[in-house]
Amino acid sequence: MPDFVRAVQAGQPLVLRNPEATRPWQHVLALCHGYLVLAAALLGEGGDHAARAWNFGPEREGARTVRDLVEGLVQAWQSVPLQLEPGSFPETRLLQLDSSLAHRELGWKPPLGFKDTVALTAAWYRACTADGTQAQAVTLEQIEGFRQRLARA
């Protein structure tokens with residue numbers, strides 16, 4: 001994501017090392033929400049059962065290729081030329097998180113799908129790079145929108 005933003009700002013090509021690598025993309029607010037659900041469970045009655053390792057990741061559809069992410073960013077923001085360059089170090093082609101324990105034990109599910117994650121992230125970066133003084137306002141607006149989405153779910 002930061003590489004995409006830098007490419008947009010500089011009017012330069014976006015360098016991709018491994019466009020077919022699959023990653024578990026999610027919005028930072030979804031992860032924060034997972035940690036808050038966990039904190040509530042730890043503080044609640046019988047919270048000892050929550051004192052273990054947890055994964056908070058996207059649904060399976062959120063595990064997408066780097067190319068999918070870039071295509072989503074192009075749709076949500078703007079097009080950038082792509083430049084493919086082999087990486088100088090080995091990378092894992094597939095990274096995934098198994099959040100089934102959090103789903104089952106905490107009742108947590110990520111409230112955003114891949115498309116919404118990309119759109120919100122692109123909107124945040126677009127607004128904050130256009131006018132850095134708006135970072136707090138944009139962030140608070142997105143948090144409130146996220147809270148409203150949770151309330152509707």
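A cavity is taken here as a set of grid points where a 1.4 Å probe fits but cannot get out. By this rule, the predicted model holds one cavity of 30 Å³ or more. The space in this largest cavity amounts to about 40 Å³. Its lining consists of Trp-25, Gln-26, His-27, Ala-30, Pro-58, Pro-110, Leu-112, Gly-113, Phe-114 and Thr-117. Sorted by class, six of the lining residues are nonpolar and four are polar, while no charged residue takes part.

Turning to the fold as a whole, the chain contains six helices and four strands. These elements follow one another along the sequence in the pattern α-β-β-α-β-α-β-α-α-α. The C-alpha trace extends over about 55 × 40 × 25 Å along its principal axes.

Helix H3, which covers residues 66–76, packs against helix H5, residues 114–130, at an angle of about 55 degrees, and the two axes lie 9 Å apart. The two helices are therefore oblique to each other, and H3 passes H5 in a right-handed crossing. On the H3 side, the contact is formed by Asp-68, Leu-69, Gly-72, Leu-73 and Ala-76, and these meet Phe-114, Val-118, Ala-119, Ala-122 and Arg-126 of H5. Seven residues of this contact are nonpolar, one is polar and two are charged.

Terms used. Residues are numbered from 1 along each chain as its sequence is written. This is a predicted model: local features need pLDDT of at least 70, side-chain atom pairs count only at pLDDT 80 or more; totals for chains, interfaces and linings use all residues. Side-chain values use heavy atoms; hydrogens and water are left out. Axes are lines fitted to C-alpha atoms, for helices over the stretch in contact, and angles run from 0 to 180 degrees between N-to-C directions. Angles under 35 degrees count as roughly parallel, over 145 as roughly antiparallel, 65 to 115 as roughly perpendicular and the rest as oblique. A crossing is left-handed if the near helix is turned anticlockwise from the far one by less than a right angle, and right-handed if clockwise. Contact means heavy atoms within 4.5 Å. Ala, Val, Leu, Ile, Met, Phe, Trp, Tyr, Cys and Pro count as nonpolar, Asp, Glu, Lys and Arg as charged, and the others, Gly among them, as polar. On a 1 Å grid over the protein atoms alone, a cavity is a set of points where a 1.4 Å probe fits but cannot get out, and a pocket is an open set with protein on both sides within 12 Å along at least five of seven lines; lining residues have an atom within 4 Å of a point. Grid points are joined across faces, edges and corners, and a volume is the space filled by probe spheres set on the points.
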